[in-house]
Amino acid sequence: MNIKSTLQNTKASTFSVFLPNPKQHDFPTPVGTGFFVSPDGWFITAAHVLTAFSKDSNKPTNMITIEKETLFDVERKMPIPKVVNEVKLVHYDPGNDFALLKADIEKNHDQLWLANCKEFPYIKVGTKILEDGDEVYSFGYPLSTGGLIYPGPEFVAGTTELHPRVTSAIVSSIYEKFGMISHSGVQRTYILDKALNYGNSGGPIVSKETGEVNAFCSRFQPVYIPQKHLGEKAIIMIPSLYGVVTNLSFSMIEEVLVQKGIVQKTSRQ
């Protein structure tokens, strides 16, 4: 399959993650990306996304909203915001940068875009282990912004800008690095030949072949370049060409997905 054959479903299932910004009167601000993996509202994002405004990575917020770009509805002759409220954090695993959330469609029927819906759009989780050279793509909300227009004492007004982007890539390696000892099980991460931007974190990595989501965006690999003409300790850091994405088939993550009925248990060695 090509990207276009599955992209619309990926787009429909993927949202920008908003958290209240304490520096801006708790105005909801886009901080990352996430995606639905079941019709009954299970939603995945990166754990670090939920601590965007926290100094402690072990204290994620549970005041979470997810939202998509607002488009004009020709039939209703009005813009229809695509917002999901009351998204609850169910499982938080900072060690694997994995967070599983749950949304209730019944509690969101006041949203016009969900008024007649019985289920959320979602991407099926793929259990296929990716290999070097496999073609994948990501959809997410990098470089999105939010800010206050009027920070009044009784009324706060703000604005946000979302930047939906599709990025194609290949699996550059199934190993982040080799050391003296490497385990033989399913790897926790894949390395892509594209470095995804801030705001892509938590977004889906979709197999071009199957249209299923196999991983989510976690981080990029920085490159530190010595600048000896500026001194012995002078260096600059730039993002490399490589993105690090977390494998949904990694045992500790797959176990949670099986417990919640999102995927079936596999018989891997």
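**View 1. Thr189 sits in strand 11, which covers residues 189-192.** This is a predicted model, in which local features need pLDDT of at least 70, side-chain atom pairs count only at pLDDT 80 or more, and totals for chains, interfaces and linings use all residues. Residues are numbered from 1 along each chain as its sequence is written, and side-chain values use heavy atoms, with hydrogens and water left out. Strands here are DSSP runs of E with at least two residues, helices are runs of H or I with at least four, and both are numbered from the N terminus. Is Thr189 buried or exposed? Thr189 counts as buried, because its relative accessibility is 11%. Buried means under 20% relative accessible area, exposed means over 50%, and partly exposed lies in between (1.4 Å probe, protein chains only). Leave aside neighbours within four places in sequence, and Thr189 is in contact (heavy atoms within 4.5 Å) with Ile174, Glu176, Val244, Val245, Thr246 and Asn247.

**View 2. Ser13 belongs to helix 1, residues 4-13.** Ser13 counts as buried because its relative accessible area is 0%. Which residues does Ser13 contact, leaving aside its neighbours within four places in sequence? They are Gly34, Phe35, Phe36, Pro121, Tyr122 and Ile123. Val37 is 24 residues from Ser13 along the chain, yet their C-alpha atoms are separated by 7.9 Å. A polar atom of the Ser13 side chain lies 2.8 Å from the backbone oxygen of Asn9.

**View 3. Ile66 lies in strand 4.** At 0% relative accessibility, Ile66 is buried. Beyond its neighbours within four places in sequence, Ile66 is in contact with Phe15, Ser16, Val17, Phe36, Phe43, Lys82, Val83, Val84 and Val87. Phe139 is 73 residues away from Ile66 in sequence, and the two are 15 Å apart in space, C-alpha to C-alpha.

**View 4. The largest nonpolar core has 39 residues.** A nonpolar core is a set of buried Ala, Val, Leu, Ile, Met, Phe, Trp, Tyr and Cys residues joined through side-chain atoms within 4.5 Å. Val17, Ile44, Ile66, Val84, Phe98, Leu248 and Leu257 have the most contacts inside the largest core. Several elements each supply at least two of its residues, including strand 1 (14-21), strand 4 (64-73), strand 5 (78-93) and helix 2 (251-259). Another core, of 11 residues, lies apart from this one, and among its members are Val171, Leu196, Ile205 and Ala215.

**View 5. Cys117 is partly exposed, whereas Cys217 is buried.** Cys117 has a relative accessible area of 26%. For Cys217 the value is 3%. How many disulfides does a search of the whole structure find? The search finds zero. A disulfide here is a pair of cysteine sulfur atoms within 2.5 Å.

View 6. The C-alpha trace spans about 60 × 55 × 35 Å along its principal axes. Of the 269 residues, 42% count as buried. Among contacts with a separation of 6 or more, 64% join residues 24 or more positions apart.

Technical notes:
A polar contact is a pair of N or O atoms within 3.5 Å; within protein, one must be able to donate a hydrogen and the other to accept it, and residues adjacent in sequence count only if both atoms are side-chain atoms.
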